[in-house]
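Subject: Handover of a structure and findings

Dear colleague,

Please find below the structure that I am handing over to you. My findings follow it, beginning with a question.

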Amino acid sequence: MIALYVLCGIIALIVLILCMPLYFSVEYSEEVKINFRFLFIDSKKMKPKEPKPKEEKPKEKPKEEEKPKDKKPNKMVLKLKAYLKYKGFGGIMAILGDILKTTSKMVFNILKKIRIKELDLYAVTGGSNASEVAIEYGKACSVIYPAVTLIKKICKSPKKPKVTVDADYNLSESKVICTAEVYIRPIFVLGAAFPLVKTVIKYIIDFQKGSKL
């Protein structure tokens, strides 16, 4: 009975940990910086280890050329050929279509569970002449604003994202500055990934059955 209580406690603890939010922050100006934070783990505080100096290995003496041996056929290639023959081209395409459909559903379900904590985007267009700046400004507006609107529809945001597109006729080239922080609970990711894992396992079993040599 005590073992059952311990097991239930461990399961409850795992579920509780999986319900904790996993944060991702992205900063972009001249380069992209991505960090994550989960419970007491923060990637910003993790300092990369300094690489140890490589020791020079003594040069090996050139080996005498060996006669090429007859290569044995790869077993995996033979299995793939056997499975292709077993399922047929149409069957393989149906499998790929099923996996692609399940994957797209998984990605969409994960995106729906992402929450935007902060989104601040500033884009300024520049160029060599006024007409070029105006054209680039129109293109930027036609891409950025609809994209942000779509993101807001899929991912809920407690705060209104700050998005600004500007034109600077004195700037020689366009610039984008963006900071964003999003979070998701790992339990939702596992729940969304379960159908894909189930589908892949099903086809792995089918592969083992149909590729017997």
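Leaving aside its neighbours within four places in sequence, which residues is Y28 in contact with? The coordinates belong to a predicted model, and in that model the contacts of Y28 beyond those neighbours are V176, I177 and C178. Y28 lies in strand β1, which covers residues 22–28. Its relative accessibility is 35%, and Y28 therefore counts as partly exposed. Y28 and V176 are 148 residues apart along the chain, yet 7.5 Å separates their C-alpha atoms.

Overall organisation

The protein chain contains four helices and six strands. Read from the N terminus, its elements follow the order α-β-β-β-α-β-α-β-β-α. Of the 213 residues in the chain, 22% are buried.

Helices α2 and α4

Helix α2 comprises residues 75–113 and helix α4 residues 186–210; their axes come within 10 Å and cross at roughly 175°. Because angles over 145 degrees count as roughly antiparallel, α2 and α4 are roughly antiparallel to each other. The residues that form the contact of α2 with α4 comprise 17 nonpolar, five polar and seven charged ones.

Helix α3

Helix α3 spans residues 130–154, a total of 25 residues. From its first C-alpha to its last it reaches 36 Å, close to the 36 Å expected at 1.5 Å a residue. Its buried residues are V133, A140, C141, I144 and V148.

Cysteines

A disulfide is a covalent bond between the sulfur atoms of two cysteines. The structure holds zero disulfides. Regarding individual cysteines, C19 has a relative accessible area of 26% and is therefore partly exposed. C155, by contrast, counts as buried, with a relative accessibility of 8%. C141 is also among the buried residues, within α3, and C178 is one of the contacts of Y28 described above.

Yours sincerely

Technical notes:
Residues are numbered from 1 along each chain as its sequence is written. This is a predicted model: local features need pLDDT of at least 70, side-chain atom pairs count only at pLDDT 80 or more; totals for chains, interfaces and linings use all residues. Side-chain values use heavy atoms; hydrogens and water are left out. Axes are lines fitted to C-alpha atoms, for helices over the stretch in contact, and angles run from 0 to 180 degrees between N-to-C directions. Helices (H or I, at least four residues) and strands (E, at least two) are DSSP runs, numbered from the N terminus. Angles under 35 degrees count as roughly parallel, over 145 as roughly antiparallel, 65 to 115 as roughly perpendicular and the rest as oblique. Ala, Val, Leu, Ile, Met, Phe, Trp, Tyr, Cys and Pro count as nonpolar, Asp, Glu, Lys and Arg as charged, and the others, Gly among them, as polar. A disulfide is a pair of cysteine sulfur atoms within 2.5 Å. Buried means under 20% relative accessible area, exposed over 50%, partly exposed in between (1.4 Å probe, protein chains only). Contact means heavy atoms within 4.5 Å. The expected span of a helix is 1.5 Å times one less than its number of residues.
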